[in-house]
Structures are given as structure tokens and as C-alpha cells.
Amino acid sequence: MECLEETQNEMTILSLCGRLDAITAPLVEARLLALIDGGAQRLIIDCAELAYISSAGLRVLLIAAKRLARSNRQLLVAALNRNVQEVFDLPVFTAILPVCRTREEAIASEANKSSIQTRVG
């Protein structure tokens, strides 16, 4: 499992490459929680190169999403391939983990959200 991190316009994008399973989930969880506890406001998980996700991997994403939600922040998941998409097709996951078709769509969604909050606030 490889995690590539970048920041773009106040958004943190974490690209996951490989398998997110029981072996790699603790490493990804530690990285996500460090980002969240470090104050990341907008977090996008790019899954374009994620080959597989197990229940342990889903658990990590749900933990991160719930922690962000406590402080009115959101985690978006983007660019799911067919194998990973099947897991996310369950309504229980999409209610907690919003999914965007592409990384660019997720970035645009977060950018629009940010500009709306700025205008309203």
C-alpha cells in the first residue's frame, strides 16, 4: 500500500495505491487520523489506484469520516474502480462517505463548498 499526499487549494488529497486490507489498514488509519488531528479541513481520498478494499479498509474510512463530521468537516471518496465501487454501492456507506466519480469532481465539489461557505459566512 502506498499513500501519496498532496495539498491543493486548502484541500488535502490522499491517493491510495494497492490494497487497503487488514494488513495495511492500520497504516492508513494512522495517516488519516494524523491529518485530521493536524487540522485538515477538506480531505479527499483518491482511489483511482486502489485495487482492493476489505472490511478493515472500509472501517478506516468510516472512522475518518465520522471524526471529521464531529467538527463539521467532510471526507470525500473519489475515482473508484469497478471492484472497489461494488463495495461502496451499499446505501449505508454512501450515506456516510460521499463518492465522486473523479478526483477533479471531488476537488470542484469541495472548492464550490468552500466558496459558498465564504460568501455566506
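**Salt bridges and a buried strand residue**

A search of the whole predicted structure finds 8 salt bridges, a salt bridge being a side-chain nitrogen of Lys or Arg within 4 Å of a carboxyl oxygen of Asp or Glu. This is a predicted model, in which local features need pLDDT of at least 70 and side-chain atom pairs count only at pLDDT 80 or more, while totals for chains, interfaces and linings use all residues. Residues are numbered from 1 along each chain as its sequence is written, and side-chain values use heavy atoms, with hydrogens and water left out.

Student: Which residue forms a salt bridge with R103?
Tutor: The closest N and O atoms of the pair are 3.1 Å apart. R103 lies in helix α5 (residues 103–120) and its partner in strand β3 (residues 42–53), so the pair ties together parts that are 57 residues apart in sequence; helices (H or I, at least four residues) and strands (E, at least two) are DSSP runs, numbered from the N terminus. The partner of R103 is D46.

Student: Is D46 buried or exposed?
Tutor: Buried means under 20% relative accessible area, exposed over 50%, and partly exposed in between, with a 1.4 Å probe and protein chains only. D46 has a relative accessible area of 7%, so D46 is buried.

Student: Where is T12 found, and why does T12 count as buried?
Tutor: T12 touches residues including E5, L35 and I44, not counting residues up to four places away in sequence, where contact means heavy atoms within 4.5 Å. T12 is found in strand β2 (residues 11–20), and T12 counts as buried because its relative accessibility is 9%.
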